[in-house]
Amino acid sequence: MTETSHDRLLIIDFGSQVTQLIARRLRELQVYCEIHPYQSVTAEMIRDMAPRAVILSGGPDSVTRPGSPRAPQALFDMGLPILGICYGQQVMMQQLGGRVESGDGTAEFGRAYVTPNERMPLTEGWFGNGDEQVWMSHGDHVSALAPGFEVYGTSPNAPYAITADVERNFFAVQFHPEVHHTPAGVKLFENFVRRAGFSGDWTMSGYREQAIDRIRTQVGNKNVICGLSGGVDSSVAAALIHEAIGDQLTCVFVDHGLLRENEASEVIEMFRDHMNLQVIHAEESELFLGELEGQSDPETKRKIIGRLFIDVFQKYANEIKGAEFLAQGTLYPDVIESVSFSGGPSVTIKSHHNVGGLPEKMGLTLVEPLRELFKDEVRALGRELGLPKHFIGRHPFPGPGLAIRCPGEITREKLEILRRADAVYIDQIRKHGLYDDIWQAFVAILPVRTVGVMGDGRTYDYACTLRAVTSVDGMTADYYPFSHKFLGETATRIINEVKGINRVTYDITSKPPGTIEWE
Ligand code: XMP
């Protein structure tokens, strides 16, 4: 996956929870970087990749433990600028002749303030208003510097908060400049990469051209199938591939009857009519809703949808002549997750719906033109490709669709009520200018009817709940703090405009302990 014509930076991952943030900060500086777990990094690999600089990430281990992770020793003789962060600092010290200690009093977690000793290139622009706030999260600490290193910043509990051998361009910090709690952390990265000679050549217009060339080379004159979900990732992937190979691409849009109001027609209209893509509208709602009838267990519902989705996709794809490739909107975080040595979460909370097994089953080769991108880069690429703004900024929508927003048994009646309520809620959010502040918002219809009174009459209708969360990646989330006025107004609108709902609640559970979806 290594890009050839960009300046590159190698991040050696020692397993920190926040290594991805290092990559994000660098990408924001228009620096192309790749994260590789330390086990896969050899001197030969580094020479092949030919990075302009290397960053050593934090990690959970202790360098004082025999057998703990190290960087290849040869790295330090390659003349490359190196920045060590937390465990990365300790690795540098240990491998370059300093000392690291663990034990009582070496650990430090949380906010700290660094005081400068003297000026140096990495901290240009820091300390203008006195001490800088940083985030510490370490068990061990450096107790003796490696030869050639000097101290440039200290905090009350970290005498070696900022260290460097400026001549060799080796920098090592005890804190985490990549996290938001180090507010000016990005400045350190900027100083580091500029000094290392990065020109900031990683842009989406450059990426677009390169990706198009690569797709053409990979695919030749063969045909490609793409499962279009209407989500940002598959839409951008399809638009990019279409630009590269035109009508050699056919998209299949599986309509399982669990989509939001007008969703199918909007997706089809945009891709088929405005962008001239070949799109097959696989209208199979009867099949899905038929098999879901009478099922109320969340995992059973998910499994039925996942299985049918693959069957249906395969059926339509088989009709496309000469297709040898399957396009997927895989993003960089998925790639890192799958190579990460620490692995993903060990417990299956939900069996996520995906088409992972499809390519082998159908004998197709994958085309994944977004594999190197983070989500915000995919959005930038989408804008570059001319996809409408409201489309690119859409909230994520799960593969199983409204099924997981309809706890208990799914009926056509409940789905219809849910669609209407969701449309009113999203309309409210847009009207109040809140859509872009929220990561995901939707209505779930609850499997309970409650008594109400409207006019002079009794009602006995469904209750629904509104959900809105802020999040960075969906792994954790906070509920959105709507004003009471907004909530009251929205509840009134839903009850007045949606027949079948007479009670509205707001879900104020964060994740964890809740999940974002209800099932
Ligand atoms: P949870 O409910 O697990 O959701 O907190 C986290 C994010 O994942 C989305 N989600 C899914 N997306 N297939 C998907 O493509 C699925 O099966 C699925 N389940 C949940 C959810 O909408 C949220 O953005």
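Start by selecting Thr123, which sits in the loop between strand 6 (108–116) and strand 7 (132–138). Keep in mind as you look around that this is a predicted model. Is Thr123 buried or exposed? With a relative accessible area of 7%, Thr123 is buried, because anything under 20% counts that way. Now show what surrounds this residue. Leaving aside neighbours within four places in sequence, Thr123 is in contact with Ile162, Leu188 and Asn191.

**Zoom out: domains and confidence**

Next, colour the chain by domain. The assignment gives domain 1 (8–195), domain 2 (204–392) and domain 3 (411–506).

The mean over the protein chain is 92, and 96% of its residues reach 70 or more. Where should you be careful? Select residues 340–346, where the pLDDT is below 50. Beyond near neighbours in sequence, this stretch has 9 contacts in the model. Where pLDDT is low, the predicted coordinates should not be read in detail.

**Into the cores**

Now go inside. Select Tyr425, Ile429, Phe482 and Ile494: these are the residues with the most contacts inside the largest nonpolar core, which has 54 residues. Which helix gives the most to this core? Highlight helix 9 (residues 298–318), which supplies 9 residues. Bring back the domain colours here: domain 2 (204–392) and domain 3 (411–506) both give residues to this core, so it lies between them.

Stay with Phe482 for a moment and show its contacts. Not counting residues up to four places away in sequence, Phe482 touches Tyr425, Ile429, Leu434, Ile438, Ala468, Leu487 and Tyr506.

There is also a second, separate core to find, with 44 residues. Pick Leu228, Ala238, Phe271 and Leu277, which are among its members. As background, nonpolar side chains tend to be buried together in soluble globular proteins.

Which residues come closest to the centre of the second largest pocket? Select Glu261, Glu266, Arg394, Ile426 and Arg430, the closest of the 20 residues that line it. For the elements around this pocket, colour helix 7 (263–274), helix 13 (389–392) and helix 14 (412–431): each gives two or more residues to the lining.

Select Asn262, in the loop between strand 13 (249–255) and helix 7. Phi of Asn262 is near 60°, a positive value in a residue other than glycine. Asn262 is partly exposed, with a relative accessible area of 48%.

Ala50 is another stop of this kind. Look in the loop between helix 2 (43–49) and strand 3 (53–56). Ala50 has a positive phi of about 50° although it is not a glycine. At 42% relative accessibility, Ala50 counts as partly exposed.

Then jump to the segment after strand 20 (501–506), where you will find Pro512. A cis peptide bond joins Lys511 and Pro512, with omega about -20°.

**Two last picks**

Select Glu291 in helix 8 (residues 285–292). Glu291 is partly exposed, at 33% relative accessible area. Its contacts, not counting residues up to four places away in sequence, are Ile304, Arg307 and Leu308. Now draw a distance line to Thr492, which is 201 residues away along the chain. How far apart are the C-alpha atoms of Glu291 and Thr492? They are separated by 35 Å.

End at Met475, in the loop between strand 18 (457–470) and strand 19 (478–479). At 52% relative accessibility, Met475 counts as exposed, because the cut-off for that is over 50%. Draw one more line, from Met475 to Ile392: these residues are 83 apart along the chain, and their C-alpha atoms are separated by 21 Å.

Notes
Residues numbered from 1 in each chain as written. Predicted model: local features only at pLDDT ≥ 70, side-chain atom pairs only at ≥ 80, totals over all residues. Heavy atoms only, no water. Core = buried A, V, L, I, M, F, W, Y, C linked by side-chain atoms within 4.5 Å. Buried < 20%, exposed > 50% of the residue type's maximum accessible area, 1.4 Å probe, protein only. Helix = DSSP H or I, 4+ residues; strand = E, 2+ residues; numbered from the N terminus. Domains from an automatic or database assignment. Contact = heavy atoms within 4.5 Å. pLDDT = per-residue confidence, 0-100. 1 Å grid on protein atoms, 1.4 Å probe; cavity = no way out; pocket = protein on both sides within 12 Å on 5 of 7 lines; lining within 4 Å.
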